[in-house]
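Please read it alongside the sequence and coordinates shown here.

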Amino acid sequence: MPSDRWEPTAFKSRVDEVLRGFVAEEADRFAAIDPLLAPVAEQLESSLADGKRLRAAFCYWGWRAVGQPDDGALVRAAASMELVHAAAVVHDDLIDDSSLRHGRATAHVALLDAVRPGPGGTGAARSLAMLVGDLLMALAGQLFAASGLPSAYLARARPLWWVMARELIAGECLEILRTGADPDTAASLKVIRYKTAKYTVEQPLLIGGLLAGAGARLREGYRAYGLPLGEAFQLRDDLLGLFGDPEHTGKANADDVRGHRPTALLAETWRLADGEDRKTLRALLGRGDLDGEAMDTVRATMRRVGAPDRVEKMIAARVEEALGVLHDLDVPPRAAAALTALAHSAAVRAS
């Protein structure tokens, strides 16, 4: 019998168990179509091998904060949020041409071994990775629909799935369209709001609430808590992307600069920089051949103008805003305690 206390490690184990069983079964069915598909099926499973399971946790507490009890079917529905995330990660790594995730080769890099060597090999591996992401998104819908929750509950939350998909893809499109442009903080914040913040906190929380029958006031509170916290989550990712330890983040820490991506950290650096610093940055941003010395120059410039400290303040302000909203929401004490702990886990972390 699960405890009523919030135990993140135990919850993660429950979600991992659901995901492992469900995806292993689906990967076997996929690979059974033809032996050639085995490496693709393998990527389905490896894409779910790691993760904090924050999105599942927000969905779970969106349900519990309405006053509903712990429920195995709800945990399966919440686990589907992690399949949405896995799909987004595979697509994002492909778009950004990132080579590492959780310390392992990303899907489009790993799948190079599955295709014929030659001039078309890279394109073929990238196409396979795109389809892995597509299949993960389809499986997310399947797990949600087959979670075991009553169909009337699922029907309440289903419209938000379409919103989540639309907004997530809009965020990815905005990032592509903004990449390489002159940095702009407002534009960067819009990208992270749609690309990450909404599907990481706000929408999982709302889906859990809708499944449980949350009223309009509580749903509005979930939005007001979830959006700033989701932004804080991505702002922390921006900082870790350049200043984190790759041993902990599991990612290459030069991708944002080499890709000249529209991160808020780069935008704030640009805003605070003088003419000489901007000249230095303009010469380095977007260069694929940046070495360690060049990256040190970028980091030193950021520190000199105070951009990392500025982003830390942006994170702190958003967490404070989210917790202020939570304080005013009339939710059970155990839900308030869990959502408080989750807010800190999302914004203060090393990976």
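The model is predicted.

| Residue | Relative accessible area | Class |
|---|---|---|
| Trp 161 | 9% | buried |
| His 260 | 15% | buried |
| Ile 176 | 45% | partly exposed |

Trp 161 belongs to helix 7. Because its relative accessible area is 9%, Trp 161 is classed as buried, the cut-off being under 20%. Beyond neighbours within four places in sequence, the residues in contact with Trp 161 are Ser 80, Met 81, Val 84, Ala 140, Gly 141, Phe 144 and Ile 207. Pro 204 lies 43 residues from Trp 161 in sequence, with a C-alpha to C-alpha separation of 9.5 Å.

Ile 176 is also placed in helix 7, which spans residues 151-178. Its relative accessibility of 45% makes Ile 176 partly exposed. Together with Ile 95 and Leu 177, Ile 176 forms a nonpolar surface patch with about 300 Å² of accessible area.

His 260 sits in the loop between helix 11 (255-258) and helix 12 (264-272). Apart from residues up to four places away in sequence, His 260 touches Thr 179, Gly 180, Ala 181, Pro 183, Leu 285 and Gly 286.

The structure has 2 cavities of 30 Å³ or more.

Notes. Residues numbered from 1 in each chain as written. Predicted model: local features only at pLDDT ≥ 70, side-chain atom pairs only at ≥ 80, totals over all residues. Heavy atoms only, no water. Helix = DSSP H or I, 4+ residues; strand = E, 2+ residues; numbered from the N terminus. Buried < 20%, exposed > 50% of the residue type's maximum accessible area, 1.4 Å probe, protein only. Contact = heavy atoms within 4.5 Å. Patch = residues over 30% accessible without salt bridge, like charges linked within 9 Å, V, L, I, M, F, W, Y side chains within 5 Å. Areas by Shrake-Rupley, 256 points an atom, 1.4 Å probe, with all protein chains shown as cover. Salt bridge = Lys/Arg side-chain N within 4 Å of Asp/Glu carboxyl O. 1 Å grid on protein atoms, 1.4 Å probe; cavity = no way out; pocket = protein on both sides within 12 Å on 5 of 7 lines; lining within 4 Å. Points joined across faces, edges and corners; volume = space filled by probe spheres on them.
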